[in-house]
Amino acid sequence: MIEHDTTAHQTTAHETTHRTTTGGRAGHRTGRTLLGASLAAGLTLALAGAGTAQAAGSAARSTPTCAASALKATFGERLGGGMNHQGVVLRLRNLSGSSCDLRGFPGLGLEDAAHRTLPSHTAWGDTWYVKDPGKKTLTLKDGESAEAVLAWTHANTGTSEAVHASALRITPPASTAYKTLAFPEWVDHGDLTVTALARHITVTG
């Protein structure tokens, strides 16, 4: 009985609507046209917005992180100073043929002449020469470089208090592979400090 009553009520409502629209068919059609146009316009704008957001997201993801194999590591300016301080500017140059991103600090390690790992510890941040520039995402075009300042002391040269290195292992941010440069240096306790990578770091001291 409940279903029968509901059906009957729906039939009556349908008939009422039919009678109402029969007398104003042109207006009803116009209303449908305007409503359809509005819905179509709204759908077009929504799809356009979604497409724009998707394109922006794809663009943001299109620049890969620089792989170690895409980078060339070199030493730049050598840095001296009193109190047995020593340092050097480290450069990583993108030679991949396309743009890639670098962000953060390079990993460092000391090696002997046979490329065996030596005891060492790397501190990230300020060095004796410059303040840390902070972590920034650097998009390097092909041929462009990023810099960091590497520093250490050598007060205990020739003693057991210093590590005698032959090479420096450099691991780019977000990488597990590394580059190796000749590094014939005495490093107190194997302790190194290095700044985050930046476009350019000016050493004034």
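1. Strands here are DSSP runs of E, at least two residues long, numbered from the N terminus. Keep in mind, too, that this is a predicted model. With that settled, a handy place to start is histidine 85, which sits in strand β2, covering residues 85-94. The cut-off for buried is under 20% relative accessible area, so histidine 85, at 14%, counts as buried. Leaving aside residues up to four places away in sequence, histidine 85 touches Gly80, Trp128, Tyr129, Trp152, Thr153 and His154.

2. Now for the sheet around that histidine. There is an open sheet of 5 strands, and reading across you get β1-β2-β7-β12-β5, with mixed pairing. The edges belong to β1 and β5 (121-124); each has a single partner strand, so one side of each has no neighbour in the sheet. From one strand to the next, the twist averages 25°.

3. Let's look at how β7 is held. β2 and β7 run antiparallel and are joined by 9 bridges. Across that pairing, histidine 85 stands opposite threonine 153 of β7; Thr153 is also one of the residues that histidine 85 touches. On to β12: this strand runs antiparallel to β7 as well, with 2 bridges joining them. Here leucine 150 stands opposite valine 194 in β12. β7 is mostly covered, with 7 of its 9 residues buried.

4. What about the nonpolar interior? As general background, nonpolar side chains tend to be buried together in soluble globular proteins. The largest nonpolar core in this model has 28 residues, and the members that touch the most others are Leu110, Leu168 and Phe183. Several strands each supply at least two residues of this core, among them β1 (71-79), β3 (100-103), β4 (107-111), β6 (137-140) and β9 (167-171). The largest share comes from β7, with 4 residues. Apart from this core lies another one, of 9 residues, including Tyr129, Val130, Val149 and Ala198.

5. Which residues does leucine 168 touch? Not counting residues up to four places away in sequence, the contacts of leucine 168 are Phe75, Leu108, Gly109, Leu110, Leu150, Lys179, Thr180, Leu181, Phe183 and Leu192. Leu110 and Phe183 turn up in that list, and they are also among the members that touch the most others in the core.

6. Next, the charged pairs: the count comes to 6 salt bridges. One of them joins arginine 169 and glutamate 111, whose closest N and O atoms are 2.8 Å apart. Arginine 169 belongs to strand β9 and glutamate 111 to strand β4, so this pair ties together parts 58 residues apart in sequence. Is glutamate 111 buried or exposed? Glutamate 111 counts as buried, at 2% relative accessibility.

7. Arginine 116 pairs with aspartate 112, the closest N and O atoms being 2.9 Å apart. Arginine 116 is exposed, with a relative accessible area of 54%, whereas aspartate 112, at 14% relative accessibility, counts as buried. Aspartate 126 forms a salt bridge with lysine 131, and there the closest N and O atoms are 3.6 Å apart. Aspartate 126 is partly exposed at 45% relative accessible area, and lysine 131 is exposed at 65%.

8. Then come the rings, with 4 aromatic pairs by count. Phenylalanine 105 and tryptophan 124 have ring centres 5.0 Å apart and planes at 0°, so this pair is stacked. The loop between β3 and β4 holds phenylalanine 105, while tryptophan 124 lies in strand β5, so the pair ties together parts 19 residues apart in sequence. Phenylalanine 105 counts as buried at 14% relative accessibility, but tryptophan 124 counts as exposed at 54%.

9. A second ring pair takes us back to β7. The ring centres of tryptophan 152 and phenylalanine 183 are 4.9 Å apart and the planes are at 65°, so the pair is edge-to-face. This pair links distant parts of the chain, 31 residues apart: tryptophan 152 is in strand β7, and phenylalanine 183 is in the loop between β10 (179-182) and β11 (186-188). Tryptophan 152 counts as buried at 3% relative accessibility, and phenylalanine 183 counts as buried at 1%. Ring pairs also link Phe75 with Trp152 and Phe183 into a cluster.

Technical notes: Residues numbered from 1 in each chain as written. Predicted model: local features only at pLDDT ≥ 70, side-chain atom pairs only at ≥ 80, totals over all residues. Heavy atoms only, no water. Buried < 20%, exposed > 50% of the residue type's maximum accessible area, 1.4 Å probe, protein only. Contact = heavy atoms within 4.5 Å. Core = buried A, V, L, I, M, F, W, Y, C linked by side-chain atoms within 4.5 Å. Pairing = 2+ DSSP bridges. Axes fitted to C-alpha atoms, helices over the stretch in contact; angles between N-to-C directions. Salt bridge = Lys/Arg side-chain N within 4 Å of Asp/Glu carboxyl O. Phe/Tyr/Trp six-rings, centres within 6.5 Å; stacked < 30°, edge-to-face > 60°.
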